[in-house]
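Subject: Structure handover

Hello,

Here is the structure I promised to pass on. Please open it alongside this message; my notes follow below.

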Amino acid sequence: MPPAGWVYGSRTFKPGGKSWTWYDTRQRGPCKKHTNGSSLVQNFRQVLRVSLTGATLAFVAGYVNAVSLSSVYRLTVTHMTVTTIHAFFSPGWRSRFSLGGLQGVVARLGLDISQLANPSVSERSLGDDIAADLCVLFGFLIGSVCTGIVVGPSLYAFARLARAPTILNENKTKQNYRYYRMRVSWRYGVGLILEALCLSMMLIFHSTDSPKAALFFAGTGMGLQNSLTSVYSGSLLRTTHLTV
Amino acid sequence: MWTDIGVILGQGTQQLVYWIFRKNDELQHSKTDLWRLKFNVPIMTSYFVGAWAGFLGFYQFGINVLVAPVLFTGMAGCVAIYLDRQYVIFLLSFGEY
């Protein structure tokens with residue numbers, strides 16, 4: 001037997017017509033602005049704003065990733081766990097078209113650790129590689145933690161929960177929109193400024209010949225950006241982990 | 001993203017198959033998540049364009065190409081704070097606004 005539906009305040013999400021639909025008890029019928037699937041995005045301006053924001057931040061992520069891949073350790077800073085197109089963005093890719101050269105940081109870390117038992121590989125360079133992998137991984141984690149500290153719980157979820165029945169008015173649909181949309185907050189601005197600081201630290205440390213510190217800050221910046229966009233859009237957008 | 005695009009393409013294919021064979025099924029009239037493509041396709045495209053720009057820029061100008069994303073993200077942060085300025089004023093006034 002199919003479920004009757006899920007109730008969110010005065011609204012219910014239940015089967016009706018040809019698909020699942022939002023119903024409002026006060027409207028005594030289906031919600032005009034709340035249909036199945038498109039409930040996350042309400043109007044064209046919002047779609048444009050969100051997709052442009054995501055696209056520009058994805059541009060930044062691709063840019064920083066390519067720079068990181070082209071620099072000393074040839075490590076990806078935006079794709080932690082998955083196969084990347086590493087080899088295509090670095091010189092001599094034909095000679096390094098191997099499994100190790102095509103993996104994300106976690107896989108590379110595993111490969112490096114597995115090579116510790118191999119006596120033919122120099123321990124020093126291997127330890128260096130492992131340290132670089134760990135710098136990116138922990139940098140990404142710390143970036144996400146920073147977002148959690150700055151932004152807190154998802155403002156998008158808050159915006160949805162804040163739909164108090166006393167505020168919603170059927171005759172003022174434009175005013176009601178703000179309770180559903182992905183709202184801009186100064187907290188995201190602080191997060192983006194932190195990301196800019198991390199990227200400038202990457203630039204400084206790379207210039208002073210400290211590539212591990214540069215990788216750490218690159219990972220932190222990307223972790224900040226990825227978690228900011230995830231929190232902003234309720235996990236609709238991801239600007240760094242595109243192949244997941 | 002790539003997974004989302006794959007799922008959407010699969011849903012579209014399913015609907016196409018239902019439409020071709022006129023299959024009477026409860027899924028026949030279900031909606032696909034095509035609206036997600038409005039976000040996924042620009043993001044994927046700009047990621048690859050950004051990667052290409054970063055790659056070319058690095059080999060042309062060295063590590064200094066990072067100045068561009070630093071400036072961009074810093075400016076975007078300032079814009080976001082500006083757009084939410086009323087709330088910032090409220091916070092700075094310690095709730096007495």
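H6(A) and H7(A) cross with a left-handed sense. This is a predicted model. The two helices pack at an angle of about 160°, and their axes lie 8 Å apart. Because angles over 145 degrees count as roughly antiparallel, H6(A) is roughly antiparallel to H7(A).

Which residues make this contact? From H6(A) come, among them, Tyr188(A), Leu194(A), Cys198(A), Met202(A) and Phe205(A). H7(A) brings residues including Pro211(A), Ala214(A), Phe217(A), Leu224(A) and Tyr232(A). By class, the contact of H6(A) with H7(A) holds 15 nonpolar, five polar and one charged residues.

H6(A) itself covers residues 186-207. Its 22 residues should span 32 Å at 1.5 Å a residue, and its end C-alpha atoms are 32 Å apart, so the two values agree. Just after H6(A), Asp209(A) has a positive phi of about 60°.

H6(A) also packs against chain B. Its partner there is H3(B), residues 67-83. The angle is about 165°, with the axes 7 Å apart. That makes H6(A) roughly antiparallel to H3(B). This crossing, too, is left-handed.

On the H6(A) side, the residues that meet H3(B) include Trp186(A), Val190(A), Ile193(A), Ala196(A) and Leu203(A). On the H3(B) side, Pro69(B), Val70(B), Thr73(B), Gly77(B) and Ile81(B) are among them. The contact of H6(A) with H3(B) divides into 14 nonpolar, five polar and one charged residues. Tyr188(A), Glu195(A) and Leu199(A) are listed in the contact with H7(A) and also in the one with H3(B).

Now the chain contact as a whole. How many residues does each chain give? Chain A gives 48 and chain B gives 41. On the chain A side, the elements with two or more residues are H1(A), residues 44-70, and H6(A). H1(A) has the largest share, at 17 residues. That side of chain A comprises 27 nonpolar, 18 polar and three charged residues.

Last, confidence. Chain A has a mean pLDDT of 69, with 49% of its residues at 70 or more. Within chain A, H6(A) is highest, at 91, and H5(A), residues 173-176, is lowest, at a mean of 46. Residues 34-40 of chain A fall below 50, with 15 contacts beyond near neighbours in sequence. Residues 83-102 of chain A also fall below 50, with 29 such contacts. Where pLDDT is low, the predicted coordinates should not be read in detail.

Best wishes

Key
Residues are numbered from 1 along each chain as its sequence is written. Chains are lettered from A and ligands numbered from 1 in the order in which they are written. This is a predicted model: local features need pLDDT of at least 70, side-chain atom pairs count only at pLDDT 80 or more; totals for chains, interfaces and linings use all residues. Two residues are in contact if their C-beta atoms, placed from the backbone, lie within 7 Å. Helices (H or I, at least four residues) and strands (E, at least two) are DSSP runs, numbered from the N terminus. Ala, Val, Leu, Ile, Met, Phe, Trp, Tyr, Cys and Pro count as nonpolar, Asp, Glu, Lys and Arg as charged, and the others, Gly among them, as polar. The expected span of a helix is 1.5 Å times one less than its number of residues. Axes are lines fitted to C-alpha atoms, for helices over the stretch in contact, and angles run from 0 to 180 degrees between N-to-C directions. Angles under 35 degrees count as roughly parallel, over 145 as roughly antiparallel, 65 to 115 as roughly perpendicular and the rest as oblique. A crossing is left-handed if the near helix is turned anticlockwise from the far one by less than a right angle, and right-handed if clockwise. pLDDT is the predictor's confidence in each residue, from 0 to 100.
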